[in-house]
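Here is a short report on a fold, from its sheet to its core. Have the sequence and the model at hand.

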Amino acid sequence: MPGFDFDTLTDRRGTHSSQWDNMETLFGVSPKDGLGMWTADSDYATAPCVRDVVRAAADHSLFGYFADYRDYHDAIAWWMRTRHGWTIENDWILTTQGLGNAVALCIDVWSQPGDAVVIFTPVYHEFARKITTAGRVVTECPLARAGDRYELDLEDAQSRLTGNEKFIIWCSPQNPSGRIWTVAELNAVADFAARNGLLLVSDEVHHDLVYRGQTFVPMAVAAPEARDRLITATAASKTFNIAGQKTGNLIIADARLRGEMAARLRSLDYVANGLGLRMVAAAYSAQGAAWADAQMLHLDSVRQIFDAGVNAIPGVRSLPLQSTYLGWVDFSGTGMSDAEILARVHSVARIAAAPGPQFGAGGEGLMRFTLATSHARVAEAVSRLERAFADLQ
């Protein structure tokens with residue numbers, strides 16, 4: 001894209017990259033001849049404005065205790081207002097050690113062991129893992145599949161509630177399908193939470209990764225009446241590939257809920273990563289916005305290459321993305337089992353992609369591929385998939 005380079009990649013092998021250095025252990029795909037496409041992060045360098053602030057910090061050469069979050073809070077408030085039409089107050093922002101930690105903290109603060117938490121599947125697999133690891137119970141409510149689109153089935157969801165649920169973990173935009181929920185759907189979820197006395201934790205980490213012609217609306221904007229039960233989780237981590245800095249946010253307008261979470265953070269003596277705060281403040285700027293816009297043009301281009309190639313394989317369908325850089329591919333038309341699909345993708349194509357069943361009910365027969373990489377690498381992935389399923393041609 002003009003002014004920014006998303007096609008020159010750094011070799012991430014042996015650099016403590018989860019995407020590349022864990023792929024052999026998890027999927028049996030060696031990084032020597034395989035492609036890492038399973039984790040939601042990008043292979044190209046982050047925005048120049050973010051790199052500049054890291055260089056400045058290194059030149060400063062002091063990394064002592066960090067004070068004064070005003071620049072950080074101001075940057076988040078500016079970003080939400082200008083990019084998402086959401087006006088927030090600085091004191092609504094509570095910082096966590098990334099969004100995985102934020103979800104775990106919500107489970108810790110607003111439920112007890114044995115309580116249940118609602119998720120709508122297929123959805124980011126870490127939700128269920130964090131719920132069960134904490135000794136809570138997953139109430140799984142499958143989304144309805146209508147062709148290439150996932151839709152709510154709140155009547156079915158209501159029938160699955162046990163009465164032990166304390167809150168919903170909602171994913172918007174939806175991971176793994178890239179679905180952007182409409183305002184009407186967001187209101188329906190907020191109403192469902194209110195009717196059942198549930199808090200609503202809305203994970204909106206992919207909110208910046210929206211393709212041309214699509215509009216993302218935060219839950220807080222779509223359903224302002226949910227303010228007394230809403231916790232919104234955001235981060236710059238996916239947009240700018242800075243997840244390793246472990247800097248996420250819980251934005252909570254309700255004073256009671258915010259006080260409960262703030263008290264828990266104080267009890268843990270949690271203090272945010274000072275370098276991460278500087279990087280987020282730099283990202284959430286006019287310069288960062290220009291880079292993020294250019295990134296979406298790049299992602300739009302590579303997803304078209306991916307979709308065209310994958311959709312040419314008989315029985316295989318890449319669901320059209322409205323957001324995210326996560327290709328959600330349906331192999332069910334091949335008639336193959338999940339085990340055979342995995343064998344062909346992992347062992348034959350040598351691509352470490354995320355198995356669909358780990359995202360819960362509705363993920364059977366599908367796999368998720370990270371597309372935040374170069375044109376050349378996406379084209380290579382398509383070629384490998386074509387060869388792995390060549391007998392279907």
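## The sheet

Isoleucine 119 sits opposite isoleucine 169 of strand E7. This is a predicted model, where local features need pLDDT of at least 70, side-chain atom pairs count only at pLDDT 80 or more, and totals for chains, interfaces and linings use all residues. Residues are numbered from 1 along each chain as its sequence is written, and side-chain values use heavy atoms, without hydrogens and water.

Strands E3 (residues 116-121) and E7 (residues 165-171) pair in the parallel sense, over four bridges. Pairing requires at least two DSSP bridges between two strands. Strands (E, at least two residues) and helices (H or I, at least four) are DSSP runs, numbered from the N terminus. The open sheet has seven strands, ordered E2-E10-E9-E8-E7-E3-E4, with mixed pairing. E2 (93-96) and E4 (137-142) are the edge strands; each has a single partner, so one side of each lacks a neighbour in the sheet.

## Two packed helices

H13 and H15 (residues 375-388) pack at about 10°, with axes 9 Å apart. Axes are lines fitted to C-alpha atoms over the stretch in contact, and angles run from 0 to 180 degrees between N-to-C directions. The two helices are therefore roughly parallel (under 35 degrees). Contact (heavy atoms within 4.5 Å) involves Phe306 and Val310 of H13, and Leu385 of H15, among others.

## The core

The largest nonpolar core has 94 residues. Such a core joins buried (under 20% relative accessible area, 1.4 Å probe, protein chains only) Ala, Val, Leu, Ile, Met, Phe, Trp, Tyr and Cys residues through side-chain atoms within 4.5 Å. Helix H13 (residues 286-311) gives the most to this core, nine residues.

Methods. Buried < 20%, exposed > 50% of the residue type's maximum accessible area, 1.4 Å probe, protein only. Parallel < 35°, antiparallel > 145°, perpendicular 65-115°, else oblique.
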